[in-house]
Amino acid sequence: MAVKSPCIDLCVFDGKTGWCEGCGRTRQETQAWRKLSPYHRKETERALPARLKTLNGRK
């Protein structure tokens with residue numbers, strides 16, 4: 001079964017935070033996404049809107 005990813009194919013990582021400007025995940029989170037437990041994927045997904053808001057607020 002495929003694991004749904006928040007990736008939007010805009011993989012540009014912010015140098016200060018390390019978050020992807022497209023989806024908000026870190027490089028480590030993107031690389032480990034399929035191996036993360038459902039709990040940890042959901043935990044990460046909950047953090048993404050705030051991360052993206054932070055990134056967008058700095059531009």
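**View 1. Glutamate 29 counts as buried, with a relative accessibility of 16%.** This value falls in the buried class because the cut-off is under 20% relative accessible area. The model shown here and in the other views is predicted. Glutamate 29 sits in helix H1, which covers residues 27-32.

**View 2. The side chains of glutamate 29 and arginine 51 are joined by a polar contact.** The distance of this contact is 2.7 Å. Leaving aside residues up to four places away in sequence, glutamate 29 touches Gly24, Thr44 and Arg51.

**View 3. The protein chain holds two helices and zero strands.** Its radius of gyration is 11 Å, close to the 10 Å that the globule rule gives for 59 residues, so the chain is as compact as a globular protein of that length. The C-alpha trace spans about 35 × 20 × 15 Å along its principal axes. Of the contacts with a separation of 6 or more, 44% are between residues 24 or more positions apart.

**View 4. The surface and charged side chains of the protein chain.** Buried residues account for 27% of the 59 residues. The protein chain exposes about 4,500 Å², and 54% of this area is supplied by carbon and sulfur atoms. There are 13 positive and 6 negative side chains in the protein chain. The centres of these two sets lie 2 Å apart.

Note on methods:
Residues numbered from 1 in each chain as written. Predicted model: local features only at pLDDT ≥ 70, side-chain atom pairs only at ≥ 80, totals over all residues. Heavy atoms only, no water. Helix = DSSP H or I, 4+ residues; strand = E, 2+ residues; numbered from the N terminus. Rg over C-alpha atoms; globule rule 2.2 N^0.38 Å. Buried < 20%, exposed > 50% of the residue type's maximum accessible area, 1.4 Å probe, protein only. Contact = heavy atoms within 4.5 Å. Areas by Shrake-Rupley, 256 points an atom, 1.4 Å probe, with all protein chains shown as cover. Lys, Arg positive; Asp, Glu negative; His and termini not counted. Charge placed at Lys NZ, Arg CZ, Asp CG, Glu CD. Polar contact = N/O pair within 3.5 Å; in protein donor to acceptor, adjacent residues only side chain to side chain.
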